[in-house]
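Visitor: Could you take me through the model below and show me how its features are to be read?

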Amino acid sequence: MKDQPWWYGRLKESGARLTEPREIVLEILRSAREHLTATDIYIQAHRMKPSIGLTTVYRTLELLIKLGIVQKFELGEGKARFELVDKPGGEGHHHLVCLKCRKIIDYSDISNDEKEFLSRVEDRLKKKYDFKILDHLMWFYGVCRECRGS
Ligand SMILES: [Zn+2]
Ligand SMILES: [Zn+2]
């Protein structure tokens, strides 16, 4: 198939099979509108296939994190959140995190100025640390409009 998501290749290279629970977890993450917790994923997965337990969901997430397909966030809520990694070499997205209500705003309308700036930062880091950069992820922390109450 031509329009397979990028992580099909990643799974294949690693020798991991695309089992049904893995496929279900990936599909849930792909259609997610927000950053889900393991429990959120479990509830949806279980609805689609009742034999999927919470342990399977945790194991699947662990594997996908190890393969660089899923990323895990800890934002001090006492529970982790998960999202699919953006397609390598793609536009990517960044995050604004409200420290009061823990809301996460995805931010992907990156302007050309910002892109140029980021590639200059990457260039400098590459030289300074002799480090091959594959990707970057930015987090901005602050307080959202609702929490400022204005
Ligand atoms: Zn807020
Ligand atoms: Zn995100």
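**Strand pairing and the sheet**

Guide: Strand β4 (residues 94-98) pairs with β6 in the parallel sense, over four bridges. Two strands pair if DSSP finds at least two bridges between them, and within this arrangement histidine 95 stands opposite tryptophan 139 in β6. This is a predicted model, in which local features need pLDDT of at least 70 and side-chain atom pairs count only at pLDDT 80 or more, while totals for chains, interfaces and linings use all residues. Residues are numbered from 1 along each chain as its sequence is written, and chains are lettered from A and ligands numbered from 1 in the order in which they are written.

Visitor: In what order do the three strands of the open sheet stand?

Guide: The order is β5-β4-β6, with mixed pairing. β5 (104-107) and β6 (139-142) stand at the edges, each with a single partner strand, so one side of each is left without a neighbour in the sheet.

Visitor: How many helices and strands does the protein chain have?

Guide: Helices (H or I, at least four residues) and strands (E, at least two) are DSSP runs, numbered from the N terminus; the protein chain has six of each, and along the sequence they follow the pattern α-α-β-α-α-β-β-β-β-α-β-α.

Visitor: What percentage of the residues count as buried?

Guide: A residue is buried if 20 or more other C-beta atoms, placed from the backbone, lie within 10 Å of its own; here 15% of the 150 residues of the protein chain count as buried. The C-alpha atoms fill a box of roughly 50 × 45 × 30 Å, taken along the principal axes.

Methods. A residue is buried if 20 or more other C-beta atoms lie within 10 Å of its own, exposed if 12 or fewer, and partly exposed in between; C-beta atoms are placed from the backbone.
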